[in-house]
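Student: I have a new structure to look at. Can you walk me through it?
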Amino acid sequence: MSAQLFPSVESYLIDANLFIRFERHNTVNLLERAVTEQNIVLLLPTRVYEELTPESHPYGTPPVEDAIEAGWVQLLEEVDYSNPVVSATMDLIRQYISAATDRPEHTIEQADAEVGGAAATLLEQGRTESIAIYTNDLPAFRGIERALSQHGYKDAVQLVKAFDFVTSVENRYQFSG
């Protein structure tokens with residue numbers, strides 16, 4: 001990854017695997033530092049939030065709750081399934097993941113499709129013109145990319161490989177003051 005941690009886009013949408021990786025490395029504070037230094041807010045789809053806040057969280061309050069309270073992570077409203085672009089995007093993502101992973105479509109996690117649905121919602125509502133999606137789930141991202149391309153948003157979406165991003169943030173900040 002280049003010296004610039006964040007791509008030049010208007011919105012930053014995250015999948016659960018990004019936050020979980022920082023949690024497992026006990027480096028959520030480094031993510032906060034990187035985000036707040038760039039005056040960025042990470043957007044969190046509702047179903048992704050639910051993955052990050054299991055009832056049986058082993059450490060008390062999940063770190064994402066503190067991030068939301070501090071304002072550097074924002075929980076999005078549920079996606080608007082009545083919007084045909086959003087629902088078609090989510091259906092295409094599930095179909096793409098199913099084909100790419102050779103799994104039945106009904107076993108695909110709803111959160112994977114909702115990341116794309118959230119991106120479609122933001123684009124359809126005119127709340128953003130460009131989005132970086134942080135995920136390590138490449139079939140999901142390719143599904144998102146293809147689905148949004150069918151609705152004219154091909155150049156509006158960028159993939160940021162979550163685990164590469166984690167490494168870049170940790171390398172930049174872990175041993176600095």
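Student: What does valine 48 touch, leaving out residues up to four places away in sequence?
Tutor: Valine 48 touches Ile14, Asp15, Ala16, Ala111 and Val115. Contact means heavy atoms within 4.5 Å. One note on the source: this is a predicted model, where local features need pLDDT of at least 70, side-chain atom pairs count only at pLDDT 80 or more, and totals for chains, interfaces and linings use all residues. Residues are numbered from 1 along each chain as its sequence is written, and side-chain values use heavy atoms, with hydrogens and water left out.

Student: Okay. Where is valine 48 found?
Tutor: In helix H3, residues 46-52. Helices (H or I, at least four residues) and strands (E, at least two) are DSSP runs, numbered from the N terminus.

Student: Is valine 48 buried or exposed?
Tutor: Buried, with a relative accessible area of 0%. Buried means under 20% relative accessible area, exposed means over 50%, and partly exposed is in between (1.4 Å probe, protein chains only).

Student: How far apart are the C-alpha atoms of valine 48 and aspartate 112?
Tutor: They are separated by 8.1 Å. Along the chain, the two residues are 64 residues apart.

Student: Switching to salt bridges. How many does the structure hold?
Tutor: It holds 4 salt bridges. A salt bridge is a side-chain nitrogen of Lys or Arg within 4 Å of a carboxyl oxygen of Asp or Glu.

Student: Which residue forms a salt bridge with arginine 47?
Tutor: Glutamate 114, with the closest N and O atoms 3.2 Å apart. Arginine 47 lies in helix H3 and glutamate 114 in helix H6 (residues 110-124), so the pair ties together parts that are 67 residues apart in sequence.

Student: Is glutamate 114 buried or exposed?
Tutor: Glutamate 114 counts as buried, at 2% relative accessibility. Arginine 47 is partly exposed, at 31%.

Student: And what does arginine 33 pair with in a salt bridge?
Tutor: Glutamate 37, again with closest N and O atoms 3.2 Å apart. Arginine 33 is partly exposed at 27% relative accessibility, and glutamate 37 is partly exposed at 45%.

Student: Which residue meets aspartate 91 in a salt bridge?
Tutor: Arginine 94, at 2.8 Å from N to O. They sit 3 residues apart in helix H5, which puts about one helical turn between them. Aspartate 91 is partly exposed at 34% relative accessibility. Arginine 94 is buried, at 13%.

Student: What about threonine 89? Where is its place?
Tutor: Threonine 89 is in helix H5, residues 84-101. It counts as buried, at 0% relative accessibility. Leaving aside neighbours within four places in sequence, its contacts are Gly116, Gly117, Ala120, Ala147, Leu148 and His151.

Student: New topic: S4. How many of its residues are buried?
Tutor: 5 of the 5, so S4 is largely enclosed by the rest of the structure. Ile131, Ile133 and Thr135 cover one side, and Ala132 and Tyr134 the other.

Student: Why two sides?
Tutor: In a regular strand the side chains alternate between the two faces of the sheet.

Student: Which strand do 4 bridges join to S4?
Tutor: Strand S1, residues 11-14, and the two run parallel. Two strands pair if DSSP finds at least two bridges between them. Isoleucine 14 stands opposite tyrosine 134 in S4, and tyrosine 12 stands opposite alanine 132.

Student: And which strand pairs with S4 over 5 bridges?
Tutor: S5, residues 157-161, also in the parallel sense. Tyrosine 134 stands opposite valine 160 there.

Student: What about S1 and S2?
Tutor: S1 and S2 (residues 42-44) pair in the parallel sense over 2 bridges. Leucine 42 is the bridge partner of tyrosine 12 in S2.

Student: Last one: where is aspartate 137 found?
Tutor: In the loop between strand S4 (131-135) and helix H7 (138-149). Aspartate 137 is buried yet has no salt bridge. The nearest side chain of opposite charge, arginine 103, is 5.9 Å away. For charge, Lys and Arg count as positive and Asp and Glu as negative, while His and the chain ends are not counted.
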